[in-house]
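Subject: Structure for your files, with notes

Dear colleague,

Please find the structure below, as promised. My notes on what was found in it follow, and I would be glad if you read them with the model open.

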Amino acid sequence: MQEQIENECPICLQKLLYPVKLPCNHIFCFLCIKGIRKSPDAVKSCAMCRKPFNIEEIEQNVGIEKTSIDKQFNWFYQSKGSTSFWAFDERTNEELEQAYSDEKDHLIISIAGFVYCIDFLRLIQYPVNHPERIRKIKRCDELNQESLTIKGIAGVRLTESGNDNSTSDVNEEASGTNDDELSQILSESLQIEEVINRTN
Amino acid sequence: MAALPRRIIKETQRLMQEPVPGISAVPDESNARYFHVIVTGPEDSPFEGGLFKLELFLPEDYPMSAPKVRFITKIYHPNIDRLGRICLDILKDKWSPALQIRTVLLSIQALLSAPNPDDPLANDVAELWKVNEAEAIRNAKEWTQRYAMEDN
């Protein structure tokens, strides 16, 4: 297959975002490598050399500093089966913010290889081929006034201690919420576990 | 309709800026995911001199799923059936999201140079290719002349 261009992800052809290095030394954006379809035996393989790798190990080894979440993040989606939220990755965030400021009522967008509908009227998102897998979304324009428990960015966990060690929960079709969980989640009010103070 | 992913935009730009010799792929005016493709028959193959039209479509979850490619021009080849469907592993289970339109079309061109009758899609063609290769090649040349030459 082709050579890897420096700083470019061979899957999205953009500048690497939350880069991860596989055991074979090929580097991809975290979301791009998450989006690789599993072969029937549930083992993913490197997009460059086809060497198999364990996605769970990769997920456990990526993390970002808490300070990485700053004012540029306006959009968050609810973590599966929990009251905490993930920030959308910065590219998706940018597109959501654009569509929102254009007063669109929804946006169809591909995230980690799956096509989602972002419904700005109901403030929910769902994969277009699984409309029952609804998650809440939230826009925070003034985060210093907003209290959200933030797990990380698009499945990349915050590294600061005190964070739970649950497996990464990227916005992915395969990790959809079932209806019971969903109604429970939707009926619960947001718990304030951690206040993100933007001024720090 | 979803916005066109940046990868598709970038790939299309690069295809236009640095075209692949012997291959042209132009997006449709009304659908940027649908490409009109022309592949020239490789030298020293029975398809030499032919211009083969194909259609290529990038599905919604491209590049996580392979593009869908089909020959429009009739072709006599053991791995291409009468509907133009192509038997090529990278279009199926060997697809990788690091492959691109460019690499797919190069692989298809290479398939024209190296027919593989042991993994046939067109059974009658593959059978003849195995038992009487000379005659199969004659047929392929004749079809190229009849269906893939410019004056047709």
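For residues 3-149 of chain B, UniProt lists "domain: UBC core", from an unreviewed entry; UniProt positions are given here in the numbering used in this message, feature names are shortened, and annotations may be inferred rather than shown by experiment. The end C-alpha atoms of that span lie 38 Å apart, and the span is 33% helix and 16% strand, where helices (H or I, at least four residues) and strands (E, at least two) are DSSP runs numbered from the N terminus.

Please bear in mind that this is a predicted model, in which local features need pLDDT of at least 70 and side-chain atom pairs count only at pLDDT 80 or more, while totals for chains, interfaces and linings use all residues. Residues are numbered from 1 along each chain as its sequence is written, chains are lettered from A and ligands numbered from 1 in the order in which they are written, and side-chain values use heavy atoms, with hydrogens and water left out.

The sheet of chain B is open and antiparallel, with four strands in the order β1-β2-β3-β4; two strands are taken to pair if DSSP finds at least two bridges between them. Its edge strands are β1 (23-27) and β4 (68-71) of chain B, each of which pairs on one side only, and the twist averages 20° from one strand to the next. Five bridges join β1(B) to β2 (residues 34-40) of chain B in the antiparallel sense, and V26(B) stands opposite H36(B) in β2(B). Across β1, β2, β3 (51-57) and β4 of chain B lies helix α2 (residues 101-113) of chain B, running at about 35° to β2(B); axes are lines fitted to C-alpha atoms, for helices over the stretch in contact (heavy atoms within 4.5 Å), and angles run from 0 to 180 degrees between N-to-C directions.

The UniProt annotation "active site", again from an unreviewed entry, covers C87(B), which is placed in the loop between β4 and α2 of chain B. C87(B) is buried, with a relative accessible area of 16% (buried means under 20%, exposed over 50% and partly exposed in between, with a 1.4 Å probe and protein chains only). Leaving aside residues up to four places away in sequence, C87(B) touches N79(B), K92(B), L111(B), D119(B) and L121(B).

In helix α3 (residues 123-131) of chain B, the residues V125(B), A126(B), L128(B) and W129(B) are buried. Seen down the axis of α3(B), these buried residues fall within an arc of 165° (taken from the directions from the helix axis to the C-beta atoms), so they line one face of the helix. They pack against α4 (133-147) of chain B, whereas the face turned away from the buried side carries the exposed residues N123(B), D124(B) and V131(B).

In chain A, nine strands form an open sheet of mixed pairing, in the order β5-β13-β12-β7-β6-β11-β10-β9-β8. At its edges stand β5 (63-64) and β8 (106-111) of chain A, each with a single partner strand, so one side of each is left without a neighbour in the sheet.

As for the interface, 20 residues of chain B are in contact with 23 residues of chain A. The two chains bury about 1800 Å² between them, 55% of it on carbon and sulfur atoms, buried area being the accessible area (1.4 Å probe) that two parts lose on being put together, summed over both. R6(B), M64(B) and A98(B) supply 35% of the area that chain B buries against chain A, more than any other three residues.
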